[in-house]
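Visitor: I'd like to go through the charged side chains here. Start wherever you like.

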Amino acid sequence: MLAYAAGDAQAFERLYLKHKGGLYRYFVRQLSDMTLAEDLYQETWSRVIKAAQSYQPSAKFTTWLYRIAHNLLIDHVRAVKPVDSLSIDEDEPDAQANLLGPQTAEPDSELLRSRQVAWLKECIGLLPQVQKEAFLLNQESGLTAQLISEVAGATLEATKSRIRYAYQSLRDCLGRKTQESIE
């Protein structure tokens with residue numbers, strides 16, 4: 001970012017390429033409106049560009065970037081109540097591995113796996129916003145609890161609790177869904 005602020009346009013391109021996927025998914029997975037997600041995504045990069053000259057590396061660039069994104073999302077949430085949704089790709093097993101268990105290639109297992117993925121999406125949509133954000137920043141962006149606390153403006157302990165409660169809520173919800181399907 002400092003190189004970009006000094007006039008190196010390729011430095012911005014490198015930052016953009018490195019962070020575009022995770023940042024975009026951050027918005028998409030927290031908002032049900034793809035157009036709004038794209039708008040907030042673009043606004044985040046616009047703010048990065050505008051702040052280039054005044055950027056001070058007091059934290060990792062990633063933390064600073066997601067703080068901008070978080071603030072835009074909070075501004076939006078304050079303005080309207082979004083309908084929570086999430087789109088977990090079956091090719092992204094991180095959250096699934098912890099919550100759904102190991103994958104197998106048998107046809108019955110594939111059907112069960114697709115049901116579990118649908119249940120996981122539904123359960124994540126039911127999480128309180130602060131837990132959902134902490135969970136997604138941890139799973140999707142790979143941020144540590146410390147970095148998430150900086151992004152969200154919460155204490156480290158509160159952030160750890162949000163992540164822990166999110167996982168517990170997801171396990172409970174998935175357990176209920178599994179039990180309902182058996183009955």
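Visitor: What's the relative accessible area of Arg-14?
Guide: Arg-14 comes out at 48%, which makes it partly exposed; the cut-offs are under 20% for buried, over 50% for exposed and partly exposed in between, using a 1.4 Å probe and protein chains only. This is a predicted model, where local features need pLDDT of at least 70 and side-chain atom pairs count only at pLDDT 80 or more, while totals for chains, interfaces and linings use all residues. Residues are numbered from 1 along each chain as its sequence is written, and side-chain values use heavy atoms, leaving out hydrogens and water.

Visitor: Which side chain meets Arg-14 in a salt bridge?
Guide: Asp-8, at 3.6 Å from N to O. A salt bridge here means a side-chain nitrogen of Lys or Arg within 4 Å of a carboxyl oxygen of Asp or Glu. Asp-8 is also partly exposed, at 28%.

Visitor: How many salt bridges in the whole structure?
Guide: The search finds four. Among them is Lys-177 with Glu-122, at 2.5 Å from N to O. That pair links distant parts of the chain, 55 residues apart: Lys-177 lies in helix H9 (residues 156–182) and Glu-122 in helix H6 (residues 107–126). Helices are DSSP runs of H or I, at least four residues, numbered from the N terminus.

Visitor: Lys-177, buried or exposed?
Guide: Buried, at 17%, whereas Glu-122 is partly exposed at 40%.

Visitor: New topic. What does Glu-157 pair with?
Guide: Lys-160, with the closest N and O atoms 3.8 Å apart. They are separated by about one helical turn because they sit three residues apart in helix H9. Glu-157 is exposed at 52%; Lys-160 is partly exposed at 37%.

Note on methods: Helix = DSSP H or I, 4+ residues; strand = E, 2+ residues; numbered from the N terminus.
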